[in-house]
Amino acid sequence: MAVQRIGILTSGGDAPGMNAAIRAATLVALAQGVEVVGIERGYRGLVDDVMAPLSPSDVAGILREGGTILGSARCKEFHHREVRDRARAVLAGRGIDGLLVIGGNGSLTGALKLADRDELGGQPLAIAGVPASIDNDLALTGLAIGVDTAMNTIVEACDKIADTATAHDRTFIVEVMGRDCGYLAMTSAIAVGADLALFPEAGKPEAAIVEQIVDTVLTVRSRARRTRRVIVIKAEGVAIAIERLKAAVDARLRERAPGADPAGIETRVTVLGHVVRGGRPSAFDRLLGSRLANVAVRALLAGSSHRMAAWMPPAELPADIATRSPVDPYCWLVDLAAVLAETDNLIAGKSPLARWRAGAFAEIEDALLL
Ligand code: F6P
């Protein structure tokens, strides 16, 4: 049965472009005569019944803004069946029979559990997911909302760091977000023109990482070039505290280059942290959020459920797992359970994509240093 009223929530870490998705979902559903309810603060607002109808004026102009107008939260209690039962009762009471979840791995896992057919016990509830996570750690989509803006933020910050690094012939280790996934570190290293990228998929032990940074610094400093600056991009997911890494690298540099001025050779560190997650969404993220939301809402309206709208999945997928969206040739509707299973593999570094990313980087590492 086609849905009568759609609820929208954003959950987990916010991502620039979520507002574009909220806006597009609202406008597309309203244009089809379906009511839309905005649920505040993710699953927390759902459980606490904090929600209000969304009208075109509520979403006017929001696609320019970072963050999410609905707010977001991480709701650990959602792992408990009784909390999900409460959420389902709230949805039934509000007459919401379609739910659009915009978020990352944890958020989409919550959606799948909420719409577990055994737990639903006949309650009508269709769900659809829109991938949003600056980390790009969701599988079976080429990109998630927020990644492009985050990369642009990193590039802008590193360009600034490169100015001062060049002026002083210094080495900077820049830590970027990416808890379980090195995508942002890898791609921004290329876009920045960094000398080295450190990411968890490489699976390198700490001593090897220290040695690799020192090798990089000494190689660059041995050159007779105008600049001998070094930029190393480290993913947050490389589990070495950055200050400890700096201390270990500096100590090793003193050992391996005893003649160098210690003050001149020692590294500097910058942790970009949550700066990477904020800011106005790029044009691409506005478009991506709008297109994925359009695809997801139209799928809900067409009677589909348990699917995530995906942007050009990076693999051929069987027809029972993924179908091309009938409304957008760049988008696919992918089985949500398959997305989450493959995301586990991606995060564990076991998926073909994770292996390809690490392998591709290993192949270009020498080129980065030239
Ligand atoms: O949204 C993903 C992410 O930004 C990770 O890169 C980071 O580790 C985490 O969220 C930070 O979460 P919080 O904002 O809850 O500290």
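In this predicted model, the side chains of E211 and R256 meet in a salt bridge, with N and O 2.9 Å apart. E211 belongs to helix 9 and R256 to helix 10 (residues 242–256), so the bridge ties together parts that are 45 residues apart in sequence. E211 is partly exposed, at 25% relative accessibility. R256 is partly exposed too, at 34%.

Salt bridges with shared partners join R81, R84, D85, R88 and E119 into one network. Within it, E119 bridges to R81, and their closest N and O atoms are 3.9 Å apart. Helix 6 (residues 117–120) holds E119 and helix 4 (residues 81–94) holds R81, so this pair connects parts that are 38 residues apart in sequence. E119 counts as buried because its relative accessibility is 17%, below the 20% cut-off. R81 is partly exposed at 40%.

K204 and E365 meet through their side chains at 3.6 Å, N to O. K204 sits in the loop between strand 7 (196–198) and helix 9 (206–221), while E365 sits in helix 14 (residues 352–369), so the pair ties together parts 161 residues apart in sequence. K204 is partly exposed at 33%. E365 counts as buried at 18%. In total, the structure holds 22 salt bridges.

Now turn to K234. This lysine lies in strand 8 (residues 230–235). Is K234 buried or exposed? It is buried, with a relative accessible area of 0%. What does its side chain meet? It makes a polar contact with the side chain of E175, at 2.7 Å. A polar atom of the K234 side chain also lies 3.0 Å from the backbone oxygen of V238. Beyond its neighbours within four places in sequence, K234 touches several residues, including I173, V174, V176, A185 and L198. I240, I242 and L245 are also among its contacts.

G178 is another buried residue, with a relative accessible area of 1%. It falls in the loop between strand 6 (171–176) and helix 8 (183–192). With neighbours within four places in sequence set aside, G178 is in contact with D135, A235, E236 and G237. The C-alpha atoms of G178 and F199 are 8.9 Å apart, although 21 residues separate them along the chain.

Eight strands form an open sheet in the order 3-2-1-4-5-10-12-11, with mixed pairing. Neighbouring strands are turned by 25° against each other on average, direction ignored. Strand 1 (residues 5–10) and strand 2 (residues 35–39) run parallel and pair over four bridges. G7 stands opposite V37 of strand 2. Helix 1 (residues 18–31) lies across strand 1, strand 2 and strand 4 (98–103), and runs at about 180° to strand 1.

Last, the aromatic rings. The structure holds four aromatic pairs. One of them joins F284 and W311 edge-to-face, with centres 5.9 Å apart and planes at 80°. This pair links distant parts of the chain: F284 is in helix 12 (residues 283–301) and W311 in strand 10 (residues 307–311), 27 residues apart. F284 is partly exposed at 29% relative accessibility, whereas W311 is buried at 9%. Ring pairs link F284, W311 and Y330 into a cluster.

How values were computed:
Residues are numbered from 1 along each chain as its sequence is written. This is a predicted model: local features need pLDDT of at least 70, side-chain atom pairs count only at pLDDT 80 or more; totals for chains, interfaces and linings use all residues. Side-chain values use heavy atoms; hydrogens and water are left out. Helices (H or I, at least four residues) and strands (E, at least two) are DSSP runs, numbered from the N terminus. Buried means under 20% relative accessible area, exposed over 50%, partly exposed in between (1.4 Å probe, protein chains only). A polar contact is a pair of N or O atoms within 3.5 Å; within protein, one must be able to donate a hydrogen and the other to accept it, and residues adjacent in sequence count only if both atoms are side-chain atoms. Contact means heavy atoms within 4.5 Å. Rings of Phe, Tyr and Trp (its six-membered ring) pair if their centres lie within 6.5 Å; planes under 30 degrees apart count as stacked, over 60 as edge-to-face and the rest as tilted. Two strands pair if DSSP finds at least two bridges between them. Axes are lines fitted to C-alpha atoms, for helices over the stretch in contact, and angles run from 0 to 180 degrees between N-to-C directions. A salt bridge is a side-chain nitrogen of Lys or Arg within 4 Å of a carboxyl oxygen of Asp or Glu.
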